[in-house]
Amino acid sequence: MKHILRWSLVGALLAAAGCSDDPPATPTDAGEDTGVIDTDTGTPAEDTGTPTVDTGSPPEDTGTPAEDTGTPTQDTGSPPEDTGSPAEDTGTGTDVGADVEPPCAGGQTRCAGVCVDTQTDVANCNACGRACAAGQTCAAGVCTGTAECPTGQMRCGEMCADLTSDPANCGRCGGACAAGETCAMSTCRAGRPTCPTGRVDCAPSAPAPVCVNTQTDEMNCGACGTACSAGTTCEAGVCRCATGSTMCERACVNTQTDEMNCGACGTACPAGRVCTAGVCGCATGTTLCDGSCVDTRTTAAHCGMCGNACPTGQSCVAGACACAAGSTRCGTTCTNTATDRANCGMCGRACAMGQTCVAGACACAMGQTLCGTGASALCVDLRTSGSNCGMCGRACPSGQACVAGACMGTAPVNDARSGAVAIGLAMPAQDIAANTSAARHDTNGNCSCTGAGNDVFYRFTLTQTEIVYADTLGATWDTALFLQDAGGNNLTAPAAGQTTCNDDISSAGLCTVAGALQSQIAARLNPGTYFLVLSGCGAGAATIHFQHLPVGNGPTARITPSGTVQTLTGSTSGTGTITSTCCSSGPENAYWWVTCPGASATTFQSTSCNPTTGANAAGYNIELAQYSALRMTSAVCSDDVGAGFACGNGSSLSATVPATTASQAGLNTLVVDGCVQRGTYSVRYVLASCSSGTRCGASCVDTGTDENNCGGCDRRCAAGNFCIGGTCQVVPAGETRDNAIVLSNSGNTSVNTSRFRNDTTGVCGCTSGRDVFYRFTLTQPEIVYADTIGSAFDTSLFLQDSRGTNVTASNLTNGTTCNDDGGLLGCSTGTASQVMAQLNAGTYYLVLSGCGAGGSASLRYQHLPVGNGAVRVLAPGAQVVSGTTAGTGRVTSTCCSGGPEDTFYWYTCGSFTGGLLSATTCGRATWDTELSVMNPGSATVCNDDACGPRQSTINSVIPRGAGIHALFVDGCGSAAGAYTASVRRP
């Protein structure tokens, strides 16, 4: 009797063990053949003549017609052997096994090694492998309900088809393509051509090849996807700069002209300089003055030449100092002759004491009268003047005051020098209430309005050299202030810029207050006792604002700080007299200035550090201290920039100069001192605030990231170090694209971005924060996924190519290459981020960034290969998918998976709790299929033969949490063709 070897049963047993390879290596009959094997399997496969069975020994076919028609056509061996195609029985075999599996319980049927109820199972409805269409249910072994096809497919008979790519239904149901053709964009197309010798296909999954010469192609230099930077060319598979340019940080630059790489990579020119012949210099038309390039034709601080500063009120025009429109130069000063008492109507015409200049003519103020003639002429208030009470020349007796033009009353205690009120010097600034209404005239100053007015006296004693300042801002009458020594002698100004006697503020040269009749004085005084006298053209109450600050034993000079960086040079010598909380035991030089009424609080920054090299520009261990009388606190001081920095024992100082009210001014000093040592110095200073960042010289900088000002002004990091969080550090892995952290296998990692800087920006949301670079290289097209779920701050993620250009096309449904908040569609990640994209072979960067100052971040990175065929999203739930595989495969598993493959991908959100994926091609393909499922970080689950003829069934647990997953429809060896698959996705 002829028996047929049951391959399907053997395949099922092997599928239950994991996977199988086709055909089995050693076929074994398990219990049917019991004698001499003589099964005919030729063509036709059975004897149908007369007699119908061979019974001889050896049997022979003798009937008519001849039954065996295979190759060979007769059994002639003893025992007989079939050697046709296929050749099954070739020897003498004995079955000793048992082809029996445990029976299923309760009326169930075993399908692909699993017991199911074929009356209700949608994947095996009424028979194994008979799957219902999406949307249908199985009841009593019959598929019921309306069959639904996935988005993009339509129903063709009992199956769903994608008419754009299905070669069996190309453009229409039943529109089958010819052998060797594929279906693309609903059109049957000839087989895909190959690239000629010497060319590489850089788009293996595209309908047509993209053939490039990787030896010369700048977008694919050396390998597909390896693009050369702008300005480079591809030579012999290597990106090279053109002749005359140099590669500096991934870009070709001309070091002869590039201001960021002048003469050599990384050598940046200071702000305002240009690079010429590899050397930093000033642009044409500008000159280097005090470390800055300026136009000496228009710069008031360097007019015509460096250091030639125009006087206050003048501007620089064509390299010469000139007065502004509406003013006239009188000597070296620009003035308005319509209002200037010293130059009223014309230069040199001075008004008498007490007179004002109105429209170029001298006149006494309303309520005052001109008494006297010539040099002694004086505007007085006859109602209050003790020397001209009621009329010019009528003086009140000693001890009486002039009230309402009559002599009467008692004079104040400080009406005479002997009764001077003492001024305490414990505080650097104080307000003194004064009133001259009942006082007499006792002394004359050497400036206007002091020859006949009522006067009162104040006394103070200095124990060290100080700068002394006083004003009457806010007074409502024409005051005058002057200084006398202990013997009552008027003091003269000890140096330019100082004044010891002043009637009106405009002539003091300290502040400009239009039309003001109040007074200002300031002078450097040595230790000793002095008198401050309040007088004026008139009398009344006034508040004297008195301020003083020590200036040390060295020279004292007035400066005028502004938003332009200026430089001081000098040398300290002798013995110091000023101490601060910093190291300040050496001799000192002092510089002073007055902050005028209505000024805002402003940053004063000074430094001894060289603006180019960063080295200390003082020949000793210098200390800088800044004092402001209105600050009422100890000095703001700076000793050493710090060990390890270029400036070392140099000093870099930043202090806030207090604001002033409309009737207030402030005395300020900068003291150049030393830690015991003394010597020459060069100090730069500037008075300017920043809307953002920290004022360091001419620039506003971020001291958290600036390598030249790391953690503070002039703290230069060593070469090769970066400033991160205000600290100089060795560049951490991931800080730049050049030292990106390499990602290879799927997995999780963590990082704290607060230690990094911002180097690049994506195209979405918060991507300009501190960033970390990760690099990965794909050898074939893959799906790449990343998320920051679980991070402690508002993150963002984005992808860049090998050149650092932002990738914008995800090439996937619901994919994205840049994400700040919310994640992928449907995931609602809050401030965490998700990206997902299909990328070709090449090198890429994944950038982690975010909002604010950064923080701790968790990064999950995953990648999965894609087959050479269609790549489609797999929707959740039960469905039937279809396609046609063709070409050469590139995804492998531990099962038989050498053929071409289609890819069905999906992603899960962080809230996903896990589930079971099932898929089968049983009864849905005519060729040897293979199914596999990949979940990053988990072993691939696959199946080859689970049902006949050689189709596949798979069940795979999808892990909980966020990530990407893929189902591949593959083939054993080179097997390929049309298929449908019944799939249930959680």
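The structure holds 13 salt bridges, a salt bridge being a side-chain nitrogen of Lys or Arg within 4 Å of a carboxyl oxygen of Asp or Glu. This is a predicted model, in which local features need pLDDT of at least 70 and side-chain atom pairs count only at pLDDT 80 or more, while totals for chains, interfaces and linings use all residues. Residues are numbered from 1 along each chain as its sequence is written, and side-chain values use heavy atoms, with hydrogens and water left out.

**Salt bridges**

- Arginine 341 and aspartate 504 join their side chains in a salt bridge, at 3.4 Å from N to O. Arginine 341 sits in the loop between β22 (333–335) and β23 (355–358) and aspartate 504 in the loop between β34 (501–502) and β35, so the pair ties together parts that are 163 residues apart in sequence.
- Arginine 341 is buried at a relative accessible area of 14%, and aspartate 504 is buried at 4%. Buried means under 20% relative accessible area, exposed over 50%, and partly exposed in between (1.4 Å probe, protein chains only).
- Aspartate 381 forms a salt bridge with arginine 383, with 2.9 Å between the closest N and O atoms. Arginine 383 is partly exposed at 48%, whereas aspartate 381 is buried at 12%.
- A salt bridge also joins the side chains of aspartate 415 and arginine 440 (3.0 Å, N to O). This pair links distant parts of the chain, 25 residues apart: aspartate 415 is in the loop between β28 (406–408) and β29, and arginine 440 is in the loop between β30 and β31. Both aspartate 415 and arginine 440 are buried.
- Glu707, Glu735, Arg757 and Asp759 belong to one network, joined by salt bridges that share partners.

**The chain as a whole**

- The protein chain has one helix and 68 strands. Helices (H or I, at least four residues) and strands (E, at least two) are DSSP runs, numbered from the N terminus.
- Of the 986 residues of the chain, 47% count as buried.
- Among contacts with a separation of 6 or more, 59% are between residues 24 or more positions apart; contact means heavy atoms within 4.5 Å.

**The four-stranded sheet**

- An open sheet of four strands runs in the order β30-β37-β32-β35, with antiparallel pairing. Two strands pair if DSSP finds at least two bridges between them.
- At the edges stand β30 (429–435) and β35 (520–525), each with a single partner strand, so one side of each is left without a neighbour in the sheet.
- β30 pairs with β37 (residues 541–550) in the antiparallel sense over seven bridges. Alanine 429 has glutamine 547 in β37 as its bridge partner.

**Strand β31 and its partners**

- In β31 (residues 456–462), five of the seven residues are buried.
- β31 pairs in the parallel sense with β29 (residues 421–422) over two bridges. Here arginine 459 is the bridge partner of alanine 422.
- With β36 (residues 528–537), β31 pairs in the antiparallel sense over seven bridges. Tyrosine 458 has leucine 532 in β36 as its bridge partner.

**The five-stranded sheet**

- Another open sheet has five strands in the order β51-β53-β58-β55-β56, with mixed pairing. Its edges are β51 (741–742) and β56 (818–819), each with a single partner strand, so one side of each is left without a neighbour in the sheet.
- β51 and β53 (residues 772–778) pair in the parallel sense over two bridges, and isoleucine 741 stands opposite tyrosine 774 in β53.
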